[in-house]
Amino acid sequence: MTSNPDRGGLLLGIGAYASWGVLPLYIHLLKDVPSLQLLAHRVLWSLLLLAVIVLVWKRGPALIAAARGRTLLGLFASAALIAVNWIVYIWAVQHDHTIEASLGYFINPLVNVALGMAVLGERLRRVQGVAIAIAAIGVIILAATGGGLLWISILLALSFGGYGLVRKVIAIDALGGLTMETLILAPFCLALLLHAGATGTGAWGQSAHLNLLLVLAGAVTAAPLLMFAAAARRMPYSTLGLLQYLAPTLQFLTAVIIFGEPLHPAHLIVFALIWAGCALYAWDSLRAAREVA
């Protein structure tokens, strides 16, 4: 994989988005766990797993050396963004709004294009601009009709788009960055779980099965994020957006086929526009790639 950066980045990206695509199935198993507690368990068990990896690979000194100055400030920003993304997503799935969550990740690739143009100076082709405009019309229609909780979709798209952008520009690798992000969030999460335990509202300890599922939150959280962060550094930011259709497609199918969430007329109109915008963007990106080749 390392001998071919393009192929390696592609495989890492596919692995990350496929994992996120089936994540609602795992969260649904923990539907009765309060959202903030599930977020806290994700952070703390991820930190434990990452700490073991850092120690085994002897990456501690390099991590400490890298996490300074502007890089450390960037990690605080990325930690806040991923925490917002996680809590909104967990809440959405637990409260039967997986369709709105999937819509957010359908919008996300187009948000990446806009961020790449505005912040990284990437050029926006005419067809890409049309694709973004079509998606924006869909969002406006959803807002006007009140079909679903639009704030879920918007917040997920913006928070994850911002997270990917920050992680692309800060000077730290995938493992070090994710380790520092979870370390930054850990004190808040530990305090939350200790308070829940003291007040008798904690999910931990209710059953061995539930404890196991909470412990697995570490691997479920860390693995796709590590793959994504590595892919983001090895691929053009706008090209990475092509792979992002995999996750929301799997999430959408899970919501409708497995969870049985209802599809409202407004959803159908909006998804039609979003899919049209995404298809147009994908076609333009493939056409541009062929021209370069």
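How many cavities of 30 Å³ or more does a search of the whole structure find? The search turns up 1. Keep in mind that this is a predicted model.

**The cavity and the pocket**

About 160 Å³ of space lies in the largest cavity. Its lining counts 15 residues, and Trp20, Asn85, Tyr105, Phe160 and Gln251 are the ones nearest its centre. Helices H1 (5-21), H5 (69-94), H6 and H13 (246-258) each put at least two residues into that lining, with H5 giving the largest share, 4 residues. By class, the cavity lining splits into 10 nonpolar, 4 polar and 1 charged.

Now for the second largest pocket, with a volume of about 160 Å³. Here the lining has 11 nonpolar residues, no polar ones and no charged ones. Among them are Ile107, Leu110, Val111, Ala114, Ile132 and Val139. Helix H6 (98-118), helix H7 (126-145) and helix H8 (150-169) each contribute at least two residues to the lining of this pocket.

| Space | Volume | Lining by class |
|---|---|---|
| Largest cavity | about 160 Å³ | 10 nonpolar, 4 polar, 1 charged |
| Second largest pocket | about 160 Å³ | 11 nonpolar, no polar, no charged |

Nonpolar side chains tend to be buried together in soluble globular proteins. In this model, the largest nonpolar core holds 61 residues, and Trp20, Ile27, Leu30 and Tyr89 touch the most other members. H5 supplies the largest share of this core, 11 residues. There's also a second, separate core of 23 residues, including Phe106, Ile107, Val111 and Cys278. Ile107 and Val111 turn up again in the lining of the second largest pocket, while Trp20 is one of the residues nearest the centre of the largest cavity.

Leu30 is worth a look for its contacts: leaving aside neighbours within four places in sequence, Leu30 is in contact with Leu38, Gln94, Leu210, Leu213 and Leu214.

As a rule, an α-helix has 3.6 residues a turn, so residues three or four places apart point the same way.

Is His41 buried or exposed? At 5% relative accessibility, His41 counts as buried, because the cut-off for that label is under 20%.

**Two positive phi values**

Most residues other than glycine have a negative phi. Lys58 has a positive one, near 55 degrees, in a residue other than glycine. Lys58 lies in the loop between H3 and helix H4 (60-66) and counts as exposed, at 71% relative accessibility. Asp96 isn't a glycine either, and its phi is positive at about 60 degrees. Asp96 is found in the loop between H5 and H6; with a relative accessible area of 39%, Asp96 is partly exposed.

Key: Residues are numbered from 1 along each chain as its sequence is written. This is a predicted model: local features need pLDDT of at least 70, side-chain atom pairs count only at pLDDT 80 or more; totals for chains, interfaces and linings use all residues. Side-chain values use heavy atoms; hydrogens and water are left out. Buried means under 20% relative accessible area, exposed over 50%, partly exposed in between (1.4 Å probe, protein chains only). On a 1 Å grid over the protein atoms alone, a cavity is a set of points where a 1.4 Å probe fits but cannot get out, and a pocket is an open set with protein on both sides within 12 Å along at least five of seven lines; lining residues have an atom within 4 Å of a point. Grid points are joined across faces, edges and corners, and a volume is the space filled by probe spheres set on the points. Ala, Val, Leu, Ile, Met, Phe, Trp, Tyr, Cys and Pro count as nonpolar, Asp, Glu, Lys and Arg as charged, and the others, Gly among them, as polar. A nonpolar core is a set of buried Ala, Val, Leu, Ile, Met, Phe, Trp, Tyr and Cys residues joined through side-chain atoms within 4.5 Å. Contact means heavy atoms within 4.5 Å.
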